[in-house]
Amino acid sequence: MTQVDLEDINTRLVGRFGPVAEGWLAEVPALAARLASRWDFELGELFDSGASSVVLRCRWSDGTPAVLKLSPDGALLTKQIEMLRVFAPTGRVPAVLAADADAGAMVLEEILPGTVAEDLPADSLPGRWGELLTALHAMAPPADWPWTLRGRFEESFERIGRRLAEPAINARISQATWRRAIDRCETLLSTQDPVVLLHGDLHLGNVLDGGASRGLIAIDPKACVGDPCFDAVDYVVEGAWHEGVEARCRVVADACGLDGDRLYAWSRVVAPMFAIAHLTYGGPERALDELLALTS
């Protein structure tokens, strides 16, 4: 196995899963080696990893480039596999090449060239985003699909809302502001029509360039049923400090065939969440000012 330093991901995994993640991380090299032998692929270097997994490049025995994704949360990985397979007929998500939920492992095709959406030409992106949404939203939700946009927001408001107790956050985002976002969200959720199967976490870092033949490819879905505008809202709000959220909203709504008023309303729902992330990780003050203005 290629030697990689896993210490840099230790903190975030422990933050997500607790101290048990340290013991799991120690076993990752041996687990990866066993899977490489079992599934007949060659391991490569550490790939971009999220907050719940370790991802390594690998190469299938026939030369196919792929990625090995390992997680200490087998249930989460099982859910991700199910969501990827639901969207598989669209060709707009990575193909699952192998999976073992008990081992907390799956192998996905590597998307090439794989440029993240935020690094693609800005003028072509709205149209390409519209094509991506058209493909994803054409998939009918499976019968009794258990995950909804309402449930997604209930979890997010509860989890992120705890951070209002932090002085640096509370100094800029009040309980009244948070309550206003919740009320706006409820208004939108109660008027969803139509509803579609959403990717559920479609931001500029979760969309890759699959080349001319495939178009944009969405990774790491959190598929849920809800308002089609939701799969464009992160892209819109990330317009803060660039051309501006309102201006981007008009362009994206037109390119994606979405209700511009609803899309803008959703941007006001998620703006305080973006502001909390901004206060945590830093960024231009002008962007934060625009996000906070959206919460008023």
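Mentor: This is a predicted model. Start with strand 2, residues 54-60: 5 of its 7 residues are buried, so the strand is largely enclosed by the rest of the structure.

Trainee: How many bridges join strand 2 to strand 3?
Mentor: 6 bridges, with strand 2 and strand 3 (residues 65-70) running antiparallel. Leu56 stands opposite Leu68 of strand 3.

Trainee: And what's in the turn of that hairpin?
Mentor: There are 4 residues between strand 2 and strand 3, and Gly63 in the turn has a positive phi of about 95°.

Trainee: What about strand 1, parallel or antiparallel to strand 2?
Mentor: Antiparallel, over 4 bridges, with strand 1 covering residues 41-46. Leu43 has Cys58 in strand 2 as its bridge partner.

Trainee: OK, switching topic. How do strand 4 and strand 5 run?
Mentor: Antiparallel again: 4 bridges join strand 4 (residues 96-100) to strand 5 (residues 105-109). Val96 sits opposite Leu108 in strand 5. Their hairpin has 4 residues between the strands, and Gly104 takes a positive phi near 65° there.

Trainee: Then there's Glu109 in strand 5. Buried or exposed?
Mentor: Buried: its relative accessible area is 18%, and the cut-off for buried is under 20%.

Trainee: Which side chain does the Glu109 side chain make a polar contact with?
Mentor: That of Arg214, at 3.0 Å. A polar atom of the Glu109 side chain also lies 3.0 Å from the backbone nitrogen of Ala95.

Trainee: What else is Glu109 in contact with, leaving aside neighbours within four places in sequence?
Mentor: Among others, Pro65, Ala66, Val67 and Leu97.

How values were computed
Residues are numbered from 1 along each chain as its sequence is written. This is a predicted model: local features need pLDDT of at least 70, side-chain atom pairs count only at pLDDT 80 or more; totals for chains, interfaces and linings use all residues. Side-chain values use heavy atoms; hydrogens and water are left out. Two strands pair if DSSP finds at least two bridges between them. Helices (H or I, at least four residues) and strands (E, at least two) are DSSP runs, numbered from the N terminus. Buried means under 20% relative accessible area, exposed over 50%, partly exposed in between (1.4 Å probe, protein chains only). A polar contact is a pair of N or O atoms within 3.5 Å; within protein, one must be able to donate a hydrogen and the other to accept it, and residues adjacent in sequence count only if both atoms are side-chain atoms. Contact means heavy atoms within 4.5 Å.
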